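Dear colleague,

Please find below the structure that I am handing over to you, together with its sequence. My findings follow it.

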Amino acid sequence: MAKFKKSASILLLNGPNLNLLGTREPQLYGRETLMQIERRLLARAKAAGVKLACQQSNHEGVLVDRVQLAARDGTGFIILNPAAFTYSSIALRDALTAVRIPFIEVHLSNIHAREAWRAHSHFTAVAVGSILGLGGRGYDLALDFAIARLRGGGA
Ligand code: DQA
């Protein structure tokens, strides 16, 4: 197993209403709960020898505070689903650019195949990249990339 710097940890951050995954519009977001997704990613991160912290909040300020904390707790990469804050939160975007921690934007659904107003994200232009429309698997792919990045690879 590759050795990481002591500081190399990953933060999985989920925005509003994603605590309802599993029962929330399953035709769009699938039947997997957030707890199932987090447990799977925690196990995969552990197997890869990397620390993963998970947080979900329905509150913009809590997410901003968590990103600010990431600058001080050794987080090297963030996986973010901003959910509805995708379209409104300049504060969360500013927090991410302020801490300068690279991040991937994940959406379970393909936001380009839905209402037109969902297509414009405030985050895409400042993300390393985006993963859309692959359901819960999108988080796994983001984690693979983040681990590769922390090992010194990736795009
Ligand atoms: C979402 C897509 C957003 O448009 C929506 O507001 C969400 C979930 C997704 O993961 O597909 O809450 O981010």
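Leaving aside residues up to four places away in sequence, Arg 24 touches Pro 16, Asn 17, Leu 18 and Tyr 29. Please bear in mind that this is a predicted model. Arg 24 sits in the loop between strand E1 (9-14) and helix H1 (26-29). From C-alpha to C-alpha, Arg 24 and Asn 58 are 14 Å apart in space, and 34 residues apart in sequence.

Arg 24 also belongs to the surroundings of the ligand, as does Tyr 29.

Which atoms of the protein lie 2.8 Å from an oxygen atom of the ligand? One is a polar side-chain atom of Asn 81, and another is a backbone N or O atom of Leu 108. For Ala 84, a backbone N or O atom lies 3.4 Å from an oxygen atom of the ligand. The ligand taken alone exposes 320 Å², and the protein buries 99% of that.

The next finding concerns two helices. The axes of helix H3 (residues 60-70) and helix H4 (residues 90-99) come within 9 Å and cross at roughly 0°. H3 and H4 are therefore roughly parallel to each other. On the H3 side, the contact is made by Glu 60, Leu 63, Val 64, Val 67 and Gln 68. H4 contributes Ala 91, Leu 92, Ala 95, Leu 96 and Val 99. By class, this contact has eight nonpolar, one polar and one charged residues.

Yours sincerely,

A colleague

Technical notes. Residues numbered from 1 in each chain as written. Predicted model: local features only at pLDDT ≥ 70, side-chain atom pairs only at ≥ 80, totals over all residues. Heavy atoms only, no water. Near = heavy atom within 4 Å. Polar contact = N/O pair within 3.5 Å; in protein donor to acceptor, adjacent residues only side chain to side chain. Areas by Shrake-Rupley, 256 points an atom, 1.4 Å probe, with all protein chains shown as cover. Axes fitted to C-alpha atoms, helices over the stretch in contact; angles between N-to-C directions. Helix = DSSP H or I, 4+ residues; strand = E, 2+ residues; numbered from the N terminus. Parallel < 35°, antiparallel > 145°, perpendicular 65-115°, else oblique. Contact = heavy atoms within 4.5 Å. Nonpolar A, V, L, I, M, F, W, Y, C, P; charged D, E, K, R; others polar.
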